[in-house]
Amino acid sequence: MEKVYDKEGQYYLNSLDLVPEKEVEERARLTEKIGVALLQEYLIDSSVVYLQTARSLYGEMGMDDTHILNYLVRAYNRSGQFAEAIKLNEILFERYRQKEDFRQMSTLKNNIGYNLTLMGDYSNAALSFREAIDFGKKAGISEQELGHLMSNAGICYQNMNDTREARQFFQQALEAFTDSGQTGEQSRQENIIALIYYHEEDLYNAGFFSRESIKSARESDDPRLLSETYLTYSRILREGNDPIQALEYYEKYLSIRDSLQLENKLKEQKTARKRLELEKSEKDIKIELKEERVKELAIQQLTLKLEKEEQEKELMLKEKDMQLLEQERLRQSLVITRQQHAVEKQRRENQLLEQEKSITDLRLEQEMRIKKEQEREIILLEKQKQLDQLELTRQKNAKKVLIVFIVLGIFIILLIIGSLISSKKKRLRLSRQKKEIEQKNMDLEDKNEEISAQRDEIEAQRDLVFSQKNEIEQYNQEVMNSIEYAKKIQSSTLPDLTSLNTTLSDFFVFFRPKDIVSGDFYWTVKVENTTVLTVSDCTGHGVPGAFMSMLGMSLLKEIVQKEYITMPGVILQRLRKGIITALSQKGLSGEQRDGMDMALVSIHHNPRIIRYSGAYNSLYLVRRKGRAEPGIKELVVFDETFDNDYVLYEIRADKMPIAHYIHMDKFATHEIEILEGDIFYLFTDGYADQFGGPKGKKFKYKPFKRLLLQHAHLPMNEQERILNDTLIKWMRNIEQVDDICVMGLKMDAE
């Protein structure tokens, strides 16, 4: 091909020598032809000289030189002179702007963004791609073309480590490719988003988008793309402590990769053979065709009879330039995508060796973990057996005490009835025998002796009852001492809240058990850059509830502190699994439904976000009016006019407990950006369910929201005092019906 173009350029040079100087238009046309021929030969510097000369000649004649500028842009791009290419693209952009040709304006802004990306100026490149998107929308370009522009912008933000903006553009590109039915591009965008979440350690969203990318790749029937999605999902599963599935998807990736490598090798061998067979004949055919065209051009030049035909060719060239611009834009988009793919591929290759080594370690670690879980289950079963035995003993003793009291009551009633009957009989007998007193003195003395004997017997029984009463009181005292000691143990397991002073501007915990020990508990721990807090309501209260709270705190320490899991939804799922295992729940009819309701948040200090998941227990956010709402779909707004200018948002929990349930779905995780002055409230149902007031009804949640919103502007310790005073006033003389726990968290500036 080099010889062909060389010969074509030589013919044009010979033709140029034959054209007089005064025929400027013909000389301009031939100079352009020479520049294009040199560009095709990759003789860039010479091509630029001739093309600039042709541009000058067109300028002297006042003719349109747009197609010359396009050739110059291609030349500068090939030589790596991207700054020069940008200057010419800006000239072209200004011309199309005056014509309001938004499609060409979009194409040129994309070309400028492409040049800036290759120069490493990602910030200005991103701005250029954003302008290309705006102009493209005005021009009404296809969803597929918009998707490529959005993906280019996302790649620039990703190179600047601005993952939030990058994720936003990739998601917009995903929507565009989805609407246009481009399943292959849809899968690529989903895979990129999954990798962004993976590097942010958000394994929940990473897993979701990775599974979606696998589904789209299967629909596109692209095995290479499918292998990349399998590799991404394998890495996510490995980080999520699921080594078995991680290994399964990694083996799927290896299978497709090896198949593709073999297929490519066979294709290369076949192509090489065909190339050797066809190279000579193809070259000869192209040379013959080119020589024929060049000879025809030489004859036409010598006769100078092609003015009309050349004008028509000029119009065709302009149309061709438009097509070339479009092809160049698509090629640039592909180059940028390949560039990003190459970076990601290099990153994956660096991690493959580590992953292959880690898979073996994960297998051993899994076996050790299973063994430890079995040992832990055995210990928990033994402890549960001991607790069951203690509960059985307590119940038996309680039954004995109850039986004693019943027997004693029956005996006293019978004694009183007997005494009344006896007294009545005596009165009747005395009235009948009043006249015979003297004759029956002996009988009366006998009766007196009988009464004395009965009195002695009653006194003996009374002493026995008092003795049994003392024993029962002593037993009750021993039980109360045990429960008081259990309270000390439970109090020692609750976390020290002074550590929150370093991460929060202000907070309070209003904790009021119904009995000595509580089934409600609060818990917090800081893991690296994240603080995890929870408020939980266990089944029952008193001693049974306390046992459940001890089990819940123990499992939370295992999950968060030992396994470094901070994603709320994952923590609740792992906690539910631990509760089901510890209590041997199988979901059978008539089985105990012990478990817990919970609201759990994780506060990420950099960036400043809070993530929440709930099992029946919602989360309240109090925020100043006029600020942005939390970006959550199912959001309940509670807004009543008070002097403090606040509004309350309720983020609802999932309707299932931490226990075996009729449906065992995953717990949703909600993400909220923290603003200065935000107040979050976590709570159990004890406060809203407390009976009281003038009619003896429940307090309920609406007055509870109103109470929090009305006093949100006060310091947190003052809010705690108001909660306590309001509850006491509401209860009056009614007994507390359940354990109560409310936690308030106020966020400071960054």
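Does Glu-145 count as buried or exposed, and why?

A: Glu-145 counts as buried, because its relative accessibility is 15%. For the cut-offs: buried is under 20% relative accessible area, exposed is over 50%, and partly exposed is in between, with a 1.4 Å probe and protein chains only as cover. One caveat before going on: this is a predicted model, where local features need pLDDT of at least 70 and side-chain atom pairs need 80 or more, while totals for chains, interfaces and linings use all residues. Numbering runs from 1 along each chain as its sequence is written, and side-chain values use heavy atoms, with hydrogens and water left out.

Now the partner. Glu-145 makes a salt bridge with Arg-103, and the closest N and O atoms are 3.6 Å apart. Helices and strands are DSSP runs numbered from the N terminus, where a helix is H or I with at least four residues and a strand is E with at least two. Arg-103 has 33% relative accessibility, so Arg-103 counts as partly exposed, whereas Glu-145 is buried. Side chains of opposite charge can pair when their charged atoms come close.

There are 27 salt bridges in the structure, and a few others are worth a click. Take Glu-673 and Arg-164, whose closest N and O atoms sit 3.4 Å apart in a salt bridge. Glu-673 belongs to strand S9 (residues 670-673) and Arg-164 to helix H9 (residues 163-179), so this pair ties together parts that are 509 residues apart in sequence. On the accessibility side, Glu-673 is partly exposed at 42%, and Arg-164 comes out exposed at 55%.

Asp-258 and Arg-257 also meet through their side chains in a salt bridge, 3.5 Å from N to O. Asp-258 is partly exposed at 39% relative accessibility, and Arg-257 is partly exposed at 28%.

Next, helix H11 and what follows. Ser-213 sits in helix H11 (residues 203-220) and is buried, because its relative accessibility is 0%. Asp-221 is in the loop between H11 and helix H12 (223-239). The backbone there deserves a glance: phi of Asp-221 is near 55°, a positive value in a residue other than glycine. Asp-221 is exposed, since its relative accessibility is 68%.

Arg-732 is another non-glycine residue with a positive phi, about 55°. You'll find Arg-732 in the loop between helix H19 (716-731) and strand S13 (740-746), and with 55% relative accessible area Arg-732 is exposed. While you're checking torsions, look at Asn-606 and Pro-607: a cis peptide bond joins them, with omega about 5°. Pro-607 falls in the loop between strand S4 (596-605) and strand S5 (608-615).

What about cysteines? A disulfide here would be a pair of cysteine sulfur atoms within 2.5 Å, and a search of the whole structure turns up 0 of them. Cys-538 counts as buried at 3% relative accessibility, and so does Cys-741 at 0%.

Last stop, the nonpolar surface. Leu-402, Ile-406, Ile-410 and Leu-414 form a nonpolar patch with about 390 Å² of accessible area together. Patches take residues with over 30% relative accessible area and no salt bridge, joining like charges within 9 Å and nonpolar side chains (Val, Leu, Ile, Met, Phe, Trp, Tyr) within 5 Å. The areas come from the Shrake-Rupley method with a 1.4 Å probe, and for residues only the protein chains shown count as cover. Ile-406 lies in helix H14 (residues 307-432), and at 45% relative accessibility Ile-406 counts as partly exposed.

Definitions and conventions
Salt bridge = Lys/Arg side-chain N within 4 Å of Asp/Glu carboxyl O.
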